[in-house]
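Morning, everyone. I have one structure to show you today. Please take a look at it first, and then I'll talk you through it.

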Amino acid sequence: MSGNKELFKKVCDFLGCDLNSPPCQEIKEHLKKCHNCEIFVDKIKKTVEIYKKVDECDSLPENVSKKLYAILNLKNPDESITNTN
Amino acid sequence: MLLNYVVLESNNKKEQELVSKAKQRDKNALSQLVSLYSKRIYHLGLRLTGNEQDAEDILQETFLIMLKKINQFRGKSTFYTWLYRIAVNIGLSKIQSKKMKYHHFSIDDLDIEKIHSEHIHEWPKLDFKNVSTKHFKKKLDDALEELPEIYRTVFILRDLHELSTEETSKILQITSSNTKIRLMRARNFLKEKLENLVKTEGLI
């Protein structure tokens with residue numbers, strides 16, 4: 001049981017790390033054998049994936065950008081590129 | 001992998017050159033730095049506060065501080081870590097002063113023993129057309145705002161802005177293991193919320 005606790009702790013640690021990095025051999029083997037843990041890890045990965053995907057849609061509104069450059073008294077370099085083209 | 005490293009190194013070098021010129025009040029370099037990071041800082045503010053006006057305030061205050069204090073940047077961290085730290089501090093003080101969505105409850109650790117004893121169903125294959133709808137996006141935003149700020153900030157920096165554990169820890173001035181624990185709890189909290197959405201609305 002103490003071995004299990006140690007392994008569970010490692011699974012928890014893995015879930016707080018970079019999910020795209022391969023887990024250690026011990027967790028890999030456990031995930032192969034344990035369907036529940038495999039599904040659980042997959043759901044966590046999908047949750048992060050969904051949030052990232054939905055998040056990509058957000059952009060900086062044009063009026064916010066214009067106000068920012070005006071306050072900073074700077075020229076928007078992206079606008080100069082557009083204008084010269 | 002090697003290509004990514006080369007691109008990253010080249011970006012870092014470009015950034016260092018810009019910062020160096022910006023320190024000498026080169027307006028073009030300052031503009032380039034604003035252009036490089038304004039979208040990310042606005043987005044960070046939006047996610048932290050859930051409010052467009054506050055996000056705009058955070059954006060403006062961050063870059064005003066950058067203009068004022070860029071000479072104090074010593075290069076001990078990357079420039080964007082330094083900039084993120086300014087933005088996060090402004091955002092957190094805004095949340096605290098307004099007591100906006102400031103939840104004090106803590107989230108329990110994962111109960112992996114329980115996971116082993118339950119019957120867990122798989123989610124169906126993802127369809128991004130369904131998750132990109134306004135309705136679904138609102139549900140995801142609501143779930144994120146429900147997260148207590150200490151977990152939400154880590155999730156935003158690590159998973160949405162793809163900062164490393166070390167960078168996130170530096171910005172929030174917490175240990176790496178604390179960052180990992182908070183991230184694990186945040187991910188699990190949001191997974192639970194998503195699980196409920198799957199059950200109640202069959203959105204995925």
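Let's start with a term. A residue is called buried if its relative accessible area is under 20%, exposed if that area is over 50%, and partly exposed in between. Now apply that. B:Trp82 has 17% relative accessibility, so B:Trp82 counts as buried. One caution before we go on: this is a predicted model.

Stay with B:Trp82 for a moment. What does its ring pair with? The ring of B:Phe73. The two ring centres are 5.4 Å apart. The planes meet at 50°, so we call the pair tilted. And B:Phe73? Buried or exposed? Buried, with a relative accessible area of 7%.

Now a second pair, B:Tyr37 and B:Phe79. Here the ring centres are 6.3 Å apart. The planes are at 50°, so this pair is tilted. Where do the two residues sit? B:Tyr37 is in helix α2 of chain B, and B:Phe79 is in helix α4 of chain B, residues 79-98. So the pair ties together parts that are 42 residues apart in sequence. B:Tyr37 is buried, at 5% relative accessibility. B:Phe79 is buried too, at 2%.

One aromatic cluster holds B:Tyr37, B:Phe73, B:Phe79, B:Tyr80, B:Trp82 and B:Tyr84. Over all chains, the count is seven aromatic pairs.

Next, the interface. How many residues of chain B are in contact with chain A? The answer is 51, and they meet 44 residues of chain A. Between them, the two chains bury about 4,700 Å². Of that area, 70% is on carbon and sulfur atoms. Three residues deserve a name here: B:Ile112, B:His116 and B:Arg187. They supply 12% of the area that chain B buries against chain A, more than any other three residues.

What about charges and polar atoms? There are three salt bridges between chain B and chain A. One of them joins B:Glu162 to A:Lys52. Their closest N and O atoms are 3.4 Å apart. Across the interface, ten residue pairs are in polar contact.

Which helix gives the largest share of the side of chain B that touches chain A? That is α2(B), with eleven residues. Other helices of chain B supply at least two residues each, including α3 (52-69) and α10 (176-201). By class, this side of chain B has 27 nonpolar, nine polar and 15 charged residues.

That's my tour. Thanks, everyone.

Terms used. Residues numbered from 1 in each chain as written. Chains lettered and ligands numbered in written order. Predicted model: local features only at pLDDT ≥ 70, side-chain atom pairs only at ≥ 80, totals over all residues. Heavy atoms only, no water. Contact = heavy atoms within 4.5 Å. Buried area = accessible area lost by both parts, 1.4 Å probe. Salt bridge = Lys/Arg side-chain N within 4 Å of Asp/Glu carboxyl O. Polar contact = N/O pair within 3.5 Å; in protein donor to acceptor, adjacent residues only side chain to side chain. Helix = DSSP H or I, 4+ residues; strand = E, 2+ residues; numbered from the N terminus. Nonpolar A, V, L, I, M, F, W, Y, C, P; charged D, E, K, R; others polar. Phe/Tyr/Trp six-rings, centres within 6.5 Å; stacked < 30°, edge-to-face > 60°. Buried < 20%, exposed > 50% of the residue type's maximum accessible area, 1.4 Å probe, protein only.
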